[in-house]
Amino acid sequence: MKPDTILLDHGSGGRAAHRLTTDLLLPVFDNPMLSALNDGAVFHLPEGRLAFSTDTYVVDPPFFPGGCIGDLAVNGTVNDLAMCGAVPLFLSVGLILEEGLSMADLETIVAAMGRAAAAAGVQVVTGDTKVVPRGAADRIFINTSGVGAVPAGVTIDSSRARPGDRIILSGTIADHGITILTRREGLAFQAAVQSDTAPLNAMVAGMLAVETDLHVLRDPTRGGVGTALNEIAEKSGVGIRIHEDRIQVRSEVAGVCELLGFDPLYIANEGKLLAFVAPAKAEAVLAAVRRDPRGREARIIGEVTADHPGRVVLETRIGGSRIVGMLSGEQLPRIC
Amino acid sequence: MKHVEEYRDRGIARRLIAQIHAASRKPVRLMEVCGTHTMSIFRSGLRALLPETITLVSGPGCPVCVTAQREIDQFVALARCEDVILATFGDLLRVPGSGSSLQQARAAGCDVRVVYSPLDALDLAVRNPAKKVVFLGVGFETTAPTVAAALLSARAREVSNFLVFAAHKRTPPAVAALMAAPDLRVDGFLLPGHVCLVAGTQAFQPLVDRHRIPCVVGGFEPLDLLRALAQLVAQIEAGEALLENAYERAVTAAGNPKAQAAMAEVFTDVDAEWRGLGVIPESGLKIAAAHRGLDAEACFDLAVPDVPEPRGCACGQVLKGLKLPTDCALYRKACTPLHPVGPCMVSSEGTCAAYYRYHRPEGA
């Protein structure tokens with residue numbers, strides 16, 4: 001009989017582990033490289049440069065409105081590759097399961113990973129599963145690593161922002177972080193918000209199709225838009241000026257931020273990007289972002305300046321200005 | 001949120017700013033008493049829009065910042081007690097005591113939980129009957145009523161493992177102490193809207209009558225602030241010293257009688273030590289004798305040694321508006337939000353932390 005929870009046996013390398021792989025994982029990530037069940041995947045790659053990225057997901061809770069740890073883990077690495085301008089190709093998946101995790105939850109999470117991989121057009125070609133005793137992990141942690149091919153002529157780098165560049169933001173901010181926060185155990189109120197977790201590789205492909213020379217791409221995940229812009233200002237040695245009235249925050253999200261004293265500029269996103277583009281190309285790239293269903297609300301939120309290098313300045317709604325600094329300390333742990 | 005957006009209108013803001021520029025003649029120092037005002041002033045970039053004649057200084061309005069080091073040490077001692085779950089607002093976690101912060105105590109194995117409401121702490125007690133759940137009651141009149149309500153609810157529901165460590169403080173006695181100080185360098189006070197929502201403007205009327213210093217109660221959106229500042233400047237220029245309410249949509253003379261009743265039922269006024277300011281008569285709220293069974297201070301032995309506050313820290317003068325954070329030798333050097341020395345650098349509403357985040361250093 002199939003057990004309804006994960007047992008230590010499932011990570012033993014023995015029969016139970018084998019059944020977990022063949023019955024649950026292989027059917028979802030169906031491809032010949034994975035189902036060969038060798039120690040590693042062997043594949044051909046296109047000519048040119050590769051991008052390689054890894055990220056580990058420990059989000060609490062693992063299920064939240066708009067997604068779960070499964071699609072988050074796939075989209076996260078897909079997006080990290082896309083932010084290098086790469087076409088994501090292959091992923092690895094490492095699962096760390098806590099003894100006692102319900103089999104139904106695992107099935108739901110793995111199915112979400114399968115759907116996310118299919119939506120992003122990537123293949124999961126190798127993987128690993130470990131089970132740790134109850135209390136040694138919190139339900140499920142997932143590592144994903146991925147490789148992607150960088151097209152010729154694409155040189156995206158956080159140090160390439162130049163004075164005059166326009167800054168495109170692909171939509172509303174703070175949806176993911178606030179969703180996780182409101183679902184945390186012990187937080188009584190819950191607002192009608194949902195995570196924005198989504199793959200961005202199709203959006204980036206559309207942008208590159210109209211302009212190969214995107215200067216900087218970033219998905220503002222942990223630390224939010226504020227932290228991402230600070231890192232870019234510092235690495236490029238430029239100033240950044242953004243306009244509060246052009247940065248969109250969903251009304252419900254803004255309400256939670258007001259109540260709890262959070263600045264949405266520092267709250268995580270999982271399906272948004274920032275792009276730095278030369279001014280002559282900005283409108284064309286913005287139009288390309290907006291053609292993607294996930295970028296319909298994209299706007300140019302600011303520009304790069306030669307003034308105040310290393311600093312991000314926000315022009316406020318009432319016409320004042322303030323510095324958007326680096327976030328100090330953890331505003332909210334375990335959001336991804 | 002639409003209701004909030006209305007109070008951030010650029011056109012109306014411009015008119016108010018022009019009005020302030022036209023009215024302001026003599027150089028004045030205006031103190032915003034409330035930490036939420038400090039944050040709102042920075043977040044809206046309001047300082048740069050005011051005439052050079054107006055200097056805004058921040059007062060002792062961040063409850064975390066004025067919590068005495070000794071009390072932080074007692075919180076840590078409490079966290080180390082067996083079978084205790086300490087429930088606290090997040091801002092307290094990083095406040096340095098003389099030896100450890102609550103965050104360090106948590107890393108060392110103590111059970112310290114962040115909650116967003118004292119009622120969440122009460123739920124925690126219900127779910128963990130074998131533990132004693134102690135809520136750290138830190139805050140002004142704005143938080144004290146909800147703590148009182150949680151405590152009354154615990155009694156009504158007969159939850160015997162819920163306790164409160166009351167370190168609450170009242171704002172009017174602190175403002176009175178500032179007004180009476182011989183070294184006062186403040187020409188007008190922007191009074192805290194949220195405190196007045198509970199306590200009513202009546203709580204501040206005697207102070208204005210006695211000390212003859214202009215006071216205006218203000219709200220927290222940019223237009224609320226601008227309007228309050230415009231009224232304050234108008235009073236000063238006219239040579240008046242009144243208590244005005246520029247936050248009428250929320251604040252009345254009488255305040256919130258239910259909240260006041262809950263506080264009166266649960267707490268009793270005591271002399272309290274304010275970090276940086278010293279002991280201020282009848283400025284603290286401790287749990288009244290009738291509720292002794294829910295008073296953590298009565299139920300645990302929390303004797304801690306007296307340790308002097310860190311040398312060189314100017315938090316005391318910052319809290320009185322005598323110094324700006326930038327005048328402190330430790331600011332941005334030994335004292336940063338990641339490694340705070342003084343309490344004003346810890347809480348997000350602390351004056352030094354707000355300066356650190358938003359203030360551009362000279363020449364940068």
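**Conventions.** I number residues from 1 along each chain as its sequence is written, and chains are lettered from A and ligands numbered from 1 in the order in which they are written. Because the model is predicted, local features need pLDDT of at least 70 and side-chain atom pairs count only at pLDDT 80 or more, while totals for chains, interfaces and linings use all residues.

**Chain A, domains.** I looked up the domain assignment, which gives domain 1 (8–150) and domain 2 (166–323), the bounds coming from an automatic or database assignment. Their C-alpha centres lie 27 Å apart. The contact (C-beta atoms, placed from the backbone, within 7 Å) takes 20 residues from domain 1 of chain A and 21 residues from domain 2 of chain A. On the domain 1 side, α3(A) gives the largest share, seven residues.

**Chain B, sheet.** I then traced an open sheet of four strands in the order β4-β3-β5-β6 of chain B, with parallel pairing, where strands are DSSP runs of E of at least two residues and helices are runs of H or I of at least four, and pairing requires at least two DSSP bridges. The edge strands are β4 (111–114) and β6 (162–166) of chain B. Between β3 (residues 84–88) and β4 of chain B I found four bridges, and the bridge partner of Thr88(B) in β4(B) is Val114(B). Helix α5 (residues 69–79) of chain B packs on this sheet, and its direction makes about 140 degrees with that of β3(B), the axes being lines fitted to C-alpha atoms, for helices over the stretch in contact, with angles from 0 to 180 degrees between N-to-C directions.

Technical notes. Two residues are in contact if their C-beta atoms, placed from the backbone, lie within 7 Å.
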